[in-house]
Amino acid sequence: MINNDSDRSAIFKLGILVNPFAGIGGALALKGSDGAEIREKALAMGAEKKANEKMAKALSILEALSGKFTVVTAAGDMGETVCESLGIPYEVIYTPSAAQTEGEDSERAAKAMVEANVDLLLFAGGDGTARNICSVVGTQVPVLGVPAGCKIHSGVYCVSPSAAGQVVSQMIAGELVSEMDAEVRDIDENAFREGKVIAKHYGEMRVPAELTYVQAVKMGGKEDEALVLDDIAAYVSEIMEDEPDTYFVMGSGSTVGAVMDFLGLDNTLLGVDVVKQGELIASDVTASELIALTKDKPTKVILTVIGGQGHILGRGNQQLSPAFIRQIGKQNMLVVATKQKLQALNGKPLRLDSSDAALDVELAGAFSVITGYKDKVLCQGV
């Protein structure tokens, strides 16, 4: 995800969101900070707001990457204050109606950041904040939590503010980072104050983490490409089994070919095929045939990365027309590649060349790339 000044579309867009009241009840043994009454009590007892300080620790690590990312945030202590204190240029896209912000403000700010197409939403808070953000963001964009609350049961938080800053810096610098689905959990604070721990699962969000190799490796930690391709194919096959009504459009390329081999289906290496319920229903289709076949039907397309160049559209798969891509939407574009192939790009982004400049801009941003069995990394598309 390298960003250079000659390619402005490659500039990483970071959303920064702070719950300024996160954690204020902890030092005072109030067992959390949810609810206006608890916050008022904590402040009256002299509680200090530490969330912005913790966000500052995370953001300070990005100093050397100035010019390689832009920031959108919320007004005042919800993000603007910390950006201003560090001299980070920013754009305010949400303003709360009152100084004492509520969970609804976190939700509205997060929604505004999703609509602004951020590549990552970095937030500071606790489990209550994670719940708020999850309710409006879900898996639409990657998120990462800076721990600042009394309760940190959710898996969306890094172990420390500095660790969060390190992961963000890797993303901005174009390094590979793993992506995983992490659960959002919270406990009932009222029950907790009575000595009862009642935790509940509220959903999952997409979270970046430092790159890990979790399977298919040789001694010394190097990927075995044949094993990795089998892992990728097994995962895609499982997705197909879970979605029997979905049409899977198989783009060209050897990695997609490996998936077809795994399925035992004939493959058009330099063409586009269509699979449903594990059966080949159309081979080497044209752009118009593809649109007609999939119109008004649940459809996903399997794409791979052109080695050395990074293209996922516009090289050998022109049958995937702008009209077809708009018909299915970015959320239904599944990109597959080995980590070795991605690392060989040396930080270059995934390239979009759909022959429609406006569509390329719409598609730009974070892509989740399948790199193994239930193993993904985040890459920037431009």
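Figure 1. Residues 24 or more positions apart account for 68% of the contacts in the protein with a separation of 6 or more; a contact means heavy atoms within 4.5 Å. This is a predicted model, in which local features need pLDDT of at least 70, side-chain atom pairs count only at pLDDT 80 or more, and totals for chains, interfaces and linings use all residues. Residues are numbered from 1 along each chain as its sequence is written, and side-chain values use heavy atoms, with hydrogens and water left out. The protein has 13 helices and 14 strands. Helices (H or I, at least four residues) and strands (E, at least two) are DSSP runs, numbered from the N terminus. Of the 382 residues, 53% count as buried. Buried means under 20% relative accessible area, exposed over 50%, and partly exposed in between (1.4 Å probe, protein chains only). The accessible surface comes to about 16300 Å², with 49% of it belonging to carbon and sulfur atoms. Areas come from the Shrake-Rupley method with a 1.4 Å probe; for residues, only the protein chains shown count as cover.

**Figure 2. Confidence along the chain.** The mean pLDDT of the protein is 87, and 85% of its residues reach 70 or more. pLDDT is the predictor's confidence in each residue, from 0 to 100. Over residues 1-9 the pLDDT is below 50, yet this stretch has 27 contacts in the model beyond near neighbours in sequence. Residues 215-219 also stay under 50, with 16 contacts beyond four places in sequence. Where pLDDT is low, the predicted coordinates should not be read in detail.

**Figure 3. The five-stranded parallel sheet.** Five strands form an open sheet in the order β3-β2-β1-β4-β5, with parallel pairing. Two strands pair if DSSP finds at least two bridges between them. Strands β3 (91-94) and β5 (143-147) stand at the edges with a single partner strand each, so one side of each is left without a neighbour in the sheet. Neighbouring strands are turned by 25 degrees against each other on average, direction ignored. Axes are lines fitted to C-alpha atoms, for helices over the stretch in contact, and angles run from 0 to 180 degrees between N-to-C directions. Strand β2 (residues 69-74) pairs with β3 in the parallel sense over three bridges. Here Ala74 has Tyr94 in β3 as its bridge partner. Helix α2 (residues 51-60) packs on the sheet and touches β1 (12-18), β4 (120-125) and β5. The direction of α2 makes about 160 degrees with that of β1. Helix α6 also packs on the sheet, touching β1, β2, β4 and β5. Its direction makes about 155 degrees with that of β5.

**Figure 4. Strand β1 and its two partners.** Six of the seven residues of β1 are buried, so this strand is largely enclosed by the rest of the structure. β1 pairs with β2 in the parallel sense over five bridges. Lys13 has Thr70 in β2 as its bridge partner. β1 and β4 also pair in the parallel sense over five bridges. Leu17 is bridged to Phe123 in β4.

Figure 5. The 13 residues of α6 (residues 161-173) should span 18 Å at 1.5 Å a residue, and its end C-alpha atoms are 18 Å apart, which agrees. The expected span is 1.5 Å times one less than the number of residues. Buried residues of α6 include Pro161, Ala164, Gly165 and Val167. Just after α6, Gly174 takes a positive phi of about 90 degrees. Among the buried residues of α8 are Val228, Asp231, Tyr235 and Met240.

**Figure 6. The β9-β10 hairpin.** Strands β9 (residues 273-276) and β10 (residues 279-282) pair in the antiparallel sense over three bridges. Val274 stands opposite Ala282 in β10. The hairpin has two residues between the strands, and Gln277 takes a positive phi near 50 degrees.

**Figure 7. Surroundings of Lys300.** Lys300 is found in strand β11 (residues 299-304). Lys300 is buried, with a relative accessible area of 14%. Leaving aside neighbours within four places in sequence, its contacts include Glu243, Tyr247, Phe248 and Asn332.

**Figure 8. Surroundings of Ala182.** Ala182 is found in strand β6 (residues 177-187) and is buried, with a relative accessible area of 7%. Not counting residues up to four places away in sequence, Ala182 touches Gly155, Val156, Gly203, Glu204, Met205 and Val207.
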